[in-house]
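Trainee: I'm new to this one. Could we look at it together, one question at a time?

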Amino acid sequence: MTSGARTSGRLGVALAVVIFAACLLASLALGPVSLSPLKLAHYLMAGPGGSAPGSIIFWQIRLPRVLLAFLVGAALSVAGVILQDLFLNPLTDPYVTGVSSGAALGATFGIVLHLAALPWMTILALIGGFATLAVVWIAARRRGKIDIYVLLLAGVTISYLVTAVIAVLMIRAGEDMDAIVYWLLGSFSGRSWPEVKVALFALPFMIVPLFFAKEMDILLQGEKRALELGVDVERAKRVLLVTAAVLTAVAVSVSGIIGFVGLVVPHIVRLLVGPSHMRLVPIALLGGAALMGIADLLSRTMLAPAEIPVGVVTTFVGAPLFVYLLRRGRA
Amino acid sequence: MSTTRSRRGLAAIILLSVLIAAVLGALALSGCGSSSASAGEASPDAFASSGPVTVTDDSGATVTLAQPAQKVVSLAPADTEIAYAIGGGSKMVGGTSYDDYPAEARSLPKVGDFASPSVEKIVALQPDLVLAAGGIQAGLRSKLEKLGMQVFVVDPTTYDGVMADITRLGQLMGLEAPATKVVGDMTRAKATVQARVATLDRPATFIEVYSKPLMTAGGKTFIDDLVTLAGGSNIGTQAGDGFPNFSSEVLVKDNPAVYVAMAGAQSSPGAIAERPGYSGLAAVKDGKVFVLDDDLIARPGPRLAQGLEQLAAMIHPEASPAP
Amino acid sequence: MAGERELTSAATGELPKAASPALLSVRELAFAYDERPVLRRISFDLQAGEFVGIVGPNGSGKSTLLDLVDGVLRPSAGEVCVNGKPTREYRRRDMAREVALVPQHFTLEFDLSVREVVEMGAYCRGKDAHSGGDAELTLARLGVAALVERRFTELSGGEKQLVVLAQALMQRAQLLLLDEPASALDVSHQLRLFDLLQQLNRDGLTVLCILHDLNLAIHYFDKLLVLSDGEVAAFGPPDEVLRPEIVEAVYGVRAYLHKHAGRTYLTFSPRLRGERLGRVHLVCGGGTGAGLMRELVDAGYDVSAGVLNALDTDEETGSELGLSMAVEAPFSPVGDEAHAHNLELMRAADVVMVTAVPVSHGNERNIRAALEAAAAGTPVWAVRGVLDNDFTGVTAELEPAGARLFADEAGVLAALRERARRASLTQP
C-alpha cells in the first residue's frame with residue numbers, strides 16, 4: 001500500500017467541502033415536496049416571512065431540519081473520532097460512555113412528569129447525560145488518573161443499567177410509553193428552529209479537538225508513550241472526554257439515539273485521509289454532517305409522505321460504503 | 001486496523017449488523033398498526049342465552065364456548081368497555097392496569113398491562129373467556145388456550161367492524177339483547193352523522209396520532225373509517241396503512257382544512273398552531289385545530305359513536321347541532 | 001546533592017571548577033506496584049556526558065527504573081532528581097525536554113508515515129521546534145534516511161526500533177534512556193546501534209541504556225549499573241563490576257572471563273546444583289585438552305589437569321576455567337614436585353582421561369602417572385591418537401595396564417555419560 005494511494009490532506013479537505021456543499025444543496029432542494037432551484041433561490045432571498053406554502057415549507061420545516069441533521073451528524077462524528085482514539089478501540093461509538101442512555105433517562109423523566117415542552121426536555125436530557133458522565137468518571141478515577149479501560153466498562157455497564165431503568169419507567173408510564181418509545185427512536189421529524197438553537201450549542205465543542213490535534217496524534221501510540229514524549233495526558237483526556245460527552249448529550253437531546261454515524265464516519269474518513277487529526281477531525285465533521293443529511297433526505301423522501309426511521313437509513317447508506325472501503329484495502 | 005484479519009473481521013461484523021438492521025427496518029416499515037384480519041361472521045346457530053356458542057374473531061380464529069362465558073378477563077381497555085356496555089360487568093373477573101372506563105372497571109383485579117400480562121394471575125382468576133386486542137402474541141394465546149381458556153380478539157378496521165365485534169361478544173357472553181341495543185345506538189349515531197354530511201364537501205382532514213415524530217392514522221384503521229364517516233378526507237392514507245410517520249412538508253403542501261390531534265400527544269390547539277410550518281395551514285387560519293380525547297376515537301368500543309359525533313362536529317360544524 | 005566538586009582555590013594555580021550537580025541523581029529510590037516491591041534503596045548518580053549501561057536478570061526492575069527516571073512513575077520512597085529538580089516537580093512537557101526514552105516495545109496500528117512518527121518527538125520543543133528537515137536529518141544520522149516516507153506499520157522490527165530512536169532524538173533531551181534497544185536487531189545492526197550511541201555520546205548526549213548482552217555491555221559502556229532483585233548489586237566500570245563472582249551471584253550461572261586479542265569477554269555455563277557428578281582429571285597439552293575441559297565443565301564435572309607447562313594453551317584455558325592443575329615451568333620437563341601433585345590430583349579423580357597429546361620425554365611422566373592410577377583402580381580412558389604421537393613408546397603400556405582406548409573425544413564423553421547414568425541408577 002503506497003502513500004500515493006491515499007488522498008492528500010489538502011485535496012481531502014477540499015473534496016470534503018465539495019461533498020458537504022453538494023449534500024447540503026441536495027438536502028435543501030429535494031424532499032417529499034419538490035422545490036425547484038429557482039423557487040429555492042427566491043425563498044432564500046425573500047427571507048423567512050413569506051406566506052406561500054413553499055416558503056413556509058422551506059423556512060419552517062426543511063431548512064431547520066436539514067441544519068439539525070447536519071449539526072447532529074457532525075457532532076456525533078467528532079465525538080466518535082475522539083472516543084475511538086482515546087479508547088484505541090475501533091468498535092467505539094459516541095454512546096459507550098453512557099452519556100446517551102443518561103440523556104434518554106432524563107428525557108424519559110420529562111415525558112413521565114409531563115414536561116414535554118421543548119426547553120425542559122433538552123435540559124433534562126442534558127442533565128441526565130452529564131449525570132451519567134459524572135458517575136462513570138468517578139468510577140474510572142484511579143489515583144487521580146482516568147483509567148480509560150475502566151471508563152469503557154463503566155460506561156457500558158451504566159448504559160445497560162439505565163436502559164433497564166427506562167424500561168421500568170416505560171412499563172409504569174402507561175399511555176406515555178409511546179411517547180418514550182418515539183423519543184428514543186432517533187428522528188428529525190417534527191424538529192425545527194428550537195432544536196437547531198440547542199444543537200448550535202455543540203458547534204464550538206466540535207472545534208475543540210483541533211486544538212489537541214498533535215496530542216491526539218501522539219496518543220495513538222498509547223498513553224505511556226505520549227507521557228514520554230511530553231504530552232499532559234490526563235489534561236488532554238479530561239478535556240476530550242468532556243467534549244465528546246457534550247457533543248453526544250446535545251445530539252441525543254435533540255434527536256434521540258441515532259446509531260451508526262458516530263461509529264462509521266471516523267473509520268471511513270480515516271481510510272480516506274489517514275489518522276492525522278488535523279485532517280481527520282474537520283473532514284469527519286463535514287463527512288458526518290453530509291452523511292446524516294443524506295440519510296435524513298432519504299428517510300423523508302423515499303416513501304413520502306411516510307418516513308423511514310433515520311437510524312435504519314444511516315445503516316443502509318453507511319454500511320456498504322464502509323465495507324467497500326475496507327475491501328479496497330487500507331492499512 | 002492494519003492487519004487483513006482484523007479488517008475482514010470488521011467487515012463481517014458490519015455485514016451482520018446491516019442484515020439485522022434490514023430486518024428491523026422492514027419490521028419498522030410495516031408500521032405499528034394492527035394488521036387486520038378478515039372480518040368474522042356470526043355463527044348462524046348462536047342461541048340466545050344458553051347452549052354452545054361459536055364465533056369467528058378478527059384474527060380469523062374460531063372461538064367456541066360450551067355455554068356463554070361466566071367469567072371473563074380483559075387484556076385491553078377497549079374490550080373492557082365493550083363488556084361493561086353490554087351489561088357484562090358482573091361477569092368481569094379481571095382487567096388491565098389501563099382500564100379506566102367505566103369507573104367500575106378500575107376496581108377489577110389487574111392482570112398486568114397489555115404488553116405483558118401475567119399468565120399466572122389470569123389462570124388464578126379461572127376465566128372461561130379472555131378478551132384480547134390485535135397485538136396479542138401468538139405464544140401467549142396458545143398458552144391460554146392450552147390452559148382451557150378461549151381467547152377472543154377484537155381488532156376491527158372499520159366502524160361496522162366494531163359493531164360486529166360487539167355483537168359477537170354479546171353472543172359469547174350470553175348478552176345478545178343488550179349487545180343489540182348498543183349496536184343499535186351506534187348504528188343510529190352513524191346514520192345520523194352520515195345523513196348530515198352526505199351532501200357536503202369532504203375537507204382535507206389530518207389526524208395527528210403523535211407529534212414528534214409526526215404520526216398519523218393511515219388506511220385500514222377504524223380511525224380512518226371514522227374520518228370518512230364524519231365527512232372528511234383523511235390525507236394520512238397517502239402514507240400507507242396502519243400508523244405511519246407523516247412528512248411535515250407534505251402536511252403543509254396538502255394544507256388540511258381540519259386538524260385533529262389525539263390528546264395523548266400532549267398538545268393544545270394553541271401550541272399546535274404555533275408549531276413551525278403550521279401557521280399557513282387552512283386549519284390553523286380558520287381555527288379548526290382540535291384536540292380529541294383519544295379514548296373516544298382510538299378505542300374500538302361503543303364510545304366510538306361519541307367520537308364520531310365529535311369528529312363530525314369538528315369537520316362539519318355547520319351541519320352539527322350546537323354543542 | 002552528591003557530585004558537587006569542591007571549589008579549588010585560585011591560589012593553587014588551578015582554575016576554579018564550577019559546582020556541577022549530577023545530571024541525574026537517584027537517592028534511596030524505592031518503588032512498589034500495589035503491594036509488590038520492585039525496587040529497593042536504589043542510589044546512584046549520573047554525570048552529564050556519561051555512557052552507562054544497566055544490566056541485570058529479568059525482573060530485576062530495570063525498566064521500572066527507567067520509568068522512574070523519566071517521571072512516568074512516581075517513587076514510593078526516595079527521590080529522583082534531574083538537573084537538580086525532583087521528577088515530580090516537572091511538567092510533562094518540560095520533562096520530555098530533559099529526558100528522552102526509547103522503549104523496548106511500542107505499538108502503533110495506525111497508518112502514519114515514518115516522518116509523522118519521527119516529528120512527534122518535536123512536540124515537547126513546542127515553538128522551538130524547527131520542523132521540516134529535522135526528521136530527515138535525524139533519520140540520516142541513524143543511517144535510515146530512506147525510510148522517511150514509508151508507512152511505519154510496514155517496517156521491520158529493527159527498522160521500527162531505529163525510527164523510535166529517531167523520534168526520541170527529536171526531543172533534543174540531555175539524557176537518553178534506552179530499554180533494550182537492540183533486542184529486535186541482528187548482530188550487525190546491534191553493533192551499528194551501539195557504535196551510533198557511542199558517537200551520540202561523544203557529541204554530548206548522556207546515555208543510560210538497559211541491555212542484556214553482557215559482552216556488549218563490557219565493550220561499550222564506561223560504567224555499568226548491575227541490578228539484582230530490585231537492588232543495586234554493583235555500579236562502576238565493567239571490569240570491576242562484571243567479575244565472575246558478581247555475575248554468578250547475580251545471574252546464578254557460572255561465568256568465565258576471557259581475554260582475547262586485547263578484549264575481555266565473558267562466557268557462561270549453567271551451574272548445576274546439588275549433583276555431584278564426579279571429578280575428571282585430564283592428561284593433555286598443546287591444545288588437545290581445551291575442548292574437553294569446556295565440555296566437562298559445562299556438564300558439571302569437577303575437572304583437574306596436569307602436568308601442563310605454563311604458557312601452554314591448555315594451561316591457559318584451564319586457568320581461565322579455574323581448574324586445579326599441576327603446572328610446570330614453561331618448556332621444562334615434568335619435575336618431581338609437579339609429578340607428585342599430578343599423582344595427588346589423579347588419586348582424587350574418579351576418571352583419568354588422556355587426550356591425543358604428543359608424548360615426548362618432557363611429558364612422559366604424565367603417562368606414567370596415568371599408569372599408576374590405572375594400577376590403583378582408577379579408570380583410565382585414552383584417545384587412540386595418543387599412541388600415534390608417542391615419541392617414547394610409553395603409551396604402549398596403557399592398554400595392557402587396563403586403560404580403555406577410544407577412537408575420539410566423543411567416544412570418551414559418551415562413556416562418561418554412560419557411567420554417570422549407571423551410577424545414578426544404582427544410587428539409593
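Trainee: In strand 8 of chain C, which residue is the bridge partner of Val52(C)?

Mentor: Good place to start, and keep in mind that this model is predicted. Strand 3 (residues 51-55) of chain C pairs with strand 8 of chain C in the parallel sense, over four bridges. Within that pairing, the partner of Val52(C) is Leu208(C).

Trainee: And which residue in strand 8 of chain C does Asp179(C) stand opposite?

Mentor: Look at strand 7 (residues 175-179) of chain C, which runs parallel to strand 8 of chain C and is joined to it by five bridges. From strand 7 of chain C the chain passes through helix 6 (residues 187-202) to reach strand 8, in a right-handed β-α-β crossover. Opposite Asp179(C) stands Ile210(C).

Trainee: Is strand 8 of chain C largely enclosed or open?

Mentor: Check both sides of the strand. Thr206(C), Leu208(C) and Ile210(C) point one way, Val207(C) and Cys209(C) point the other way, and all are buried. Because five of the five residues of strand 8 of chain C are buried, the rest of the structure leaves this strand largely enclosed.

Technical notes. Residues are numbered from 1 along each chain as its sequence is written. Chains are lettered from A and ligands numbered from 1 in the order in which they are written. This is a predicted model: local features need pLDDT of at least 70, side-chain atom pairs count only at pLDDT 80 or more; totals for chains, interfaces and linings use all residues. A residue is buried if 20 or more other C-beta atoms lie within 10 Å of its own, exposed if 12 or fewer, and partly exposed in between; C-beta atoms are placed from the backbone. Helices (H or I, at least four residues) and strands (E, at least two) are DSSP runs, numbered from the N terminus. Two strands pair if DSSP finds at least two bridges between them. A crossover is right-handed if, with the strands pointing away from the viewer, the path from the first strand over the helix to the second runs clockwise.
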